[in-house]
Structure formats: C-alpha cells, structure tokens
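Colleague: Before we go through the helix contacts, could you set out the terms behind the labels, and then hold each value against its cut-off?

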Amino acid sequence: MSMEGMHESGNGGRRSETLGDEVFGHILDLIYNCELEPGMVVNESALAGRFGVSRGPIREAIRRLQGIQLVSREPFMRARVVSLSKQAIAELFQMREALEGYACRLAATQMPAADIDGLIADLEAARGGLLPSGERFDFHERVVRASGNSRIIDTLCGDLYHLLRIYRRISGAVPERHELAFTEHWQISRAIKARDATLAESLMRSHVERAGRHVLEQVPEAPAAGADGEEKKAS
C-alpha cells in the first residue's frame, strides 16, 4: 500500500500534515544516510514513485529541506542536496570546535551525576548495538544540551544540526575513524564524570578538530552548479 493510502482515514487536515511529515522524515533519512549525497539532484518524480505518493508532498518536503539549508535550488535549476566547499566545511568545524568545546566545559561542571552515568551507559550500548530498536543516540547532542547554555543549544541543535550531522556521518563512515571516535567519546565522558572541565573541553576540541580534518580528506571540492546536474540524481 502507498503512503497516501495508509493515510486515507481520519481528519483530512491531520492526514495531510501527517503524510507531509512522514515524507519529510524519509527524505531526511536518505540525506543522512548519504543515499542522497551532497550535490545530488533531488528527483521529485523518482521519490514520489518510491514512496507511493503524489508530487505534492515531495515538493513540500523539499521546501522544508530548503528552509533548514539541506537542499538548495537556484533559479531555473533543479533542487540539489547542499554541497559545501572545503572552505565552508572547515569553517563549520571551526565553529563546532569552539562551541562544542565550551559546551563540554559547562557540562563537566553542571551535568547531573545520573545523567553522566546514563550518557556513558548509552555510549557503550550504542557501540555494542544494544540500544532499543528505533532509539537514536547522539553523543554530541547530549553533551551540548547538558551545557545548559540556550544560545549554544539553539545554534548546534537547531536547523544547523541537520547540516552538521551529514558531515559528521561522513567523518564516521570509515571504520577506523568510527572506532577512534568511540574511544574519544569515552575519554570525553570520563573527563566529564571526573568534573575536569579543562580536560573535557580540550578533549572535545581535539576530537572535533580531528573529525574536521578527516572530513576534508574525504570530501572533494564542490563542483560548480549545473556541472553534472543530469548525472547524479536521486532514484
């Protein structure tokens, strides 16, 4: 059954809203998983066929993705997953290094002991694939929220979070980096537990800086708009 068919019952307005949210979530997952890679054309017809919906919900999802800066559309051009230049990626990670480092310092001074124990337990469960089905663990988001600084939280966990997550996933996609990231997360969490704010900040800054260098090694320079528009499409 198509997604539209699954939403035939119930209030009409609520049905449309729920379908739009579901389509948006599915496309967001494709971007997170790099099935829709940076720079790739977002093919409305192919996505509508894949999800069994009309093009209306697809277009609405694309507009929402433009709003959170994951998709760009130049005049008279097709929508594409955003592709950052190496300079823009470097700047993104420099900002992360400064803000997440300080967020980690704050977390080390005020995160409740029970929350720290929960963070460490979830970190180890995630590594072993033992999290409950459907549960997502984001070490960085947990630390940032534990800082209690609303400005830092809004910056790193708001719309920018989605863009950060794409490039963090690229960094962690290589098995060696994935294992190293766990070790670094474990060291950071132990520094937080020890209430060593200076060490926690230093470890987080070093962790983000290394991740940024790794991403820059993996990502080619963004091509000019339209250079390969018909070659890389979502299907």
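Modeller: Angles under 35 degrees count as roughly parallel, over 145 as roughly antiparallel, 65 to 115 as roughly perpendicular and the rest as oblique. The axes themselves are lines fitted to C-alpha atoms, for helices over the stretch in contact, with angles running from 0 to 180 degrees between N-to-C directions. This is a predicted model, in which local features need pLDDT of at least 70 and side-chain atom pairs count only at pLDDT 80 or more, while totals for chains, interfaces and linings use all residues. Residues are numbered from 1 along each chain as its sequence is written, and side-chain values use heavy atoms, with hydrogens and water left out.

Colleague: Why are helix 6 and helix 7 called roughly antiparallel?

Modeller: The axes of helix 6 (residues 113-127) and helix 7 cross at roughly 175° and come within 11 Å, and the two helices are therefore roughly antiparallel to each other. Their contact (heavy atoms within 4.5 Å) involves G118, L119, D122 and L123 of helix 6 and F139, R142 and V143 of helix 7.

Colleague: What makes helix 7 roughly antiparallel to helix 8?

Modeller: Helix 7 (residues 139-146) packs against helix 8 (residues 150-157) at about 155°, with the axes 8 Å apart, and that angle makes helix 7 roughly antiparallel to helix 8. On the helix 7 side E141, V144 and R145 take part, and they meet I152, I153, L156 and C157 in helix 8.

Colleague: Why is helix 5 called oblique to helix 8?

Modeller: Helix 5 (residues 86-110) and helix 8 pack at an angle of about 135°, their axes being 11 Å apart, and this makes helix 5 oblique to helix 8. In this contact M95, L99, E100, Y102 and A103 in helix 5 meet I152, T155 and L156 in helix 8.

Colleague: How do you know that R64 lies over the face of F24?

Modeller: A charge sits over a ring if NZ of Lys or CZ of Arg is within 6 Å of the ring centre and within 35 degrees of the ring normal. R64 lies over the face of F24 at 4.0 Å from the ring centre, and R165 lies over the face of Y32 at 3.9 Å from the ring centre.

Colleague: How many aromatic pairs does the structure hold?

Modeller: The structure holds zero aromatic pairs, where rings of Phe, Tyr and Trp (its six-membered ring) pair if their centres lie within 6.5 Å.

Terms used: Helix = DSSP H or I, 4+ residues; strand = E, 2+ residues; numbered from the N terminus. Phe/Tyr/Trp six-rings, centres within 6.5 Å; stacked < 30°, edge-to-face > 60°.
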